[in-house]
Amino acid sequence: MARARKASVTQSRLAMILYGEQFTGKSTMAMQLAYFKRPDGKPFRVLYLDPETGSIDDYLPELESNGINLDNIYIVYTQSLAEVRQYIAKVKNDEDFYELDDDGAETENVLLDADGEPFRADAIVVDGTTILNLTTRQALIELSKKRNAVKAKREGLVGDERFVKIEGAGMELKDWGTVNYRGQDLILDLMASGVHFIATARETNEKKQVEQPDGTVTSISTGKKIPDGFKDLGYNAKTVIRMFRDDAGNVCAHVEKDRTHVHEDNVILEDPSLLDWQSVIDKTADKKTFVVKNDLSKAVEVEHEILKKETLNSYDEIEEDNTPSADPIDAIKSQITEIQKSLTPPQKTEAKKKLIEEGLPTAIKSVTDEDTLKKALEILSAFKK
């Protein structure tokens, strides 16, 4: 269902994508969220979802030495996109977090922040969407293997042929569409969480398909770097930054776009600081909040229902248009065809003999005499009984 509001200023939130090669400062910059202040002056509480498994562990002592209370940072190690989305949903739904035991099972202990209150995230970091993309693709490949196993059984394949059929399975076109859909849904989930977020990704070369003179299609690099993993990851984000190191090894940031207008698009920042964006929070701190829910899945369901109704209505109209013709000859032919379809093979043989005995044609397609068709219909009707 659509939502709407009057055009008024609401509280601004960070919605940022950081991408780049390893060791270009993505995690370090993302965790500067711990230095941010809420409108009431208290420090941010950060939910850090870590598919990279240990990407900020070495930075925690530095944060603590700089006065950050680590009780305001909750780190969850998971490489499952589904689990990442479950934690985002907890934030959105204002649910309690529970401490986990060594096996990853929830205990009865509610997670508390530095003030001894139930932990409520002010910001979410998803540090490693490339890994989430990888595990999502692998899960779909395993699904494809199961599909091929079913096909191999149906085809009666055994031995090496069965092995090759199953292990040679790859993602189908619909699977690639599923991956891209889930990537977009992840970002929309983050935007609908009601808190600030940063998602990181590794980088890869952008490629495009080029048709060669001989008709073959090859993939060539455009020379542009893009986030590695989910397609168009940064499309819905407000700010997209590529992290890199210059020739001297210094960390730099290329601000590709920034709808918050903290920095101009396409500017290069040397030794970048996330704290530049604290102003985004401060300037709208006294405004109302407004969060657009992620209704992508619901929208797909709605579109599916609409499409189904339109398709069925169109089909019904076609059925109505295919009502028996007013031409009596066509009507008789239609009845004869239906009877012939209902007869068993022995009945068809006997009916054909009877038509021949009566001097009637056995093929009615070219017959135009109404009386002849009526006689044939009468004979065939007797066999149907």
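Student: Does Asp-185 count as buried or exposed, and why?

Tutor: Good place to begin, and keep in mind that this is a predicted model. Buried means under 20% relative accessible area. Asp-185 has 2% relative accessibility, so Asp-185 counts as buried.

Student: Which partner does Asp-185 form a salt bridge with?

Tutor: For a salt bridge, we look for a side-chain nitrogen of Lys or Arg within 4 Å of a carboxyl oxygen of Asp or Glu. Here the partner is Arg-85, with the closest N and O atoms 2.7 Å apart. Arg-85 sits in helix 3 (residues 81–92) and Asp-185 in helix 6, so to speak two distant parts of the chain, 100 residues apart, linked by the pair. Arg-85 itself counts as partly exposed, because its relative accessibility is 25%.

Student: How do I read helix 6, and which of its residues are buried?

Tutor: Here is the general idea: an α-helix has 3.6 residues a turn, so residues three or four places apart point the same way. Now the case at hand. Helix 6 covers residues 173–191, and its 19 residues reach 28 Å from first C-alpha to last, close to the 27 Å expected. Its buried residues include Asp-175, Val-179, Gly-183, Leu-186 and Leu-190, along with Asp-185.

Student: How many salt bridges does a search of the whole structure find?

Tutor: The search finds 18. One of them joins the side chains of Arg-45 and Asp-113, at 3.3 Å from N to O. Arg-45 is in the loop between helix 1 and strand 2, while Asp-113 is in the loop between strand 5 and strand 6, 68 residues apart. Both Arg-45 and Asp-113 are buried. They also belong to a network of salt bridges with Arg-38, Asp-40 and Asp-122.

Student: What about Arg-120 and Asp-96: where do they lie?

Tutor: Their side chains meet in a salt bridge of 2.8 Å, N to O. Arg-120 is in the loop between strand 5 and strand 6, and Asp-96 in the loop between helix 3 and strand 4, so the pair ties together parts that are 24 residues apart in sequence. Arg-120 is partly exposed, at 22%, and Asp-96 is partly exposed too, at 27%.

Student: Which residues does Asp-276 touch, leaving out those up to four places away in sequence?

Tutor: Asp-276 touches Val-262 and His-263. With the side chain of His-263, the Asp-276 side chain makes a polar contact at 2.9 Å. The C-alpha atoms of Asp-276 and His-263 are 8.7 Å apart. Asp-276 lies in the loop between strand 12 and helix 7, and counts as partly exposed at 33% relative accessibility.

Terms used
Residues numbered from 1 in each chain as written. Predicted model: local features only at pLDDT ≥ 70, side-chain atom pairs only at ≥ 80, totals over all residues. Heavy atoms only, no water. Helix = DSSP H or I, 4+ residues; strand = E, 2+ residues; numbered from the N terminus. Buried < 20%, exposed > 50% of the residue type's maximum accessible area, 1.4 Å probe, protein only. Contact = heavy atoms within 4.5 Å. Polar contact = N/O pair within 3.5 Å; in protein donor to acceptor, adjacent residues only side chain to side chain. Expected span 1.5 Å × (residues − 1).
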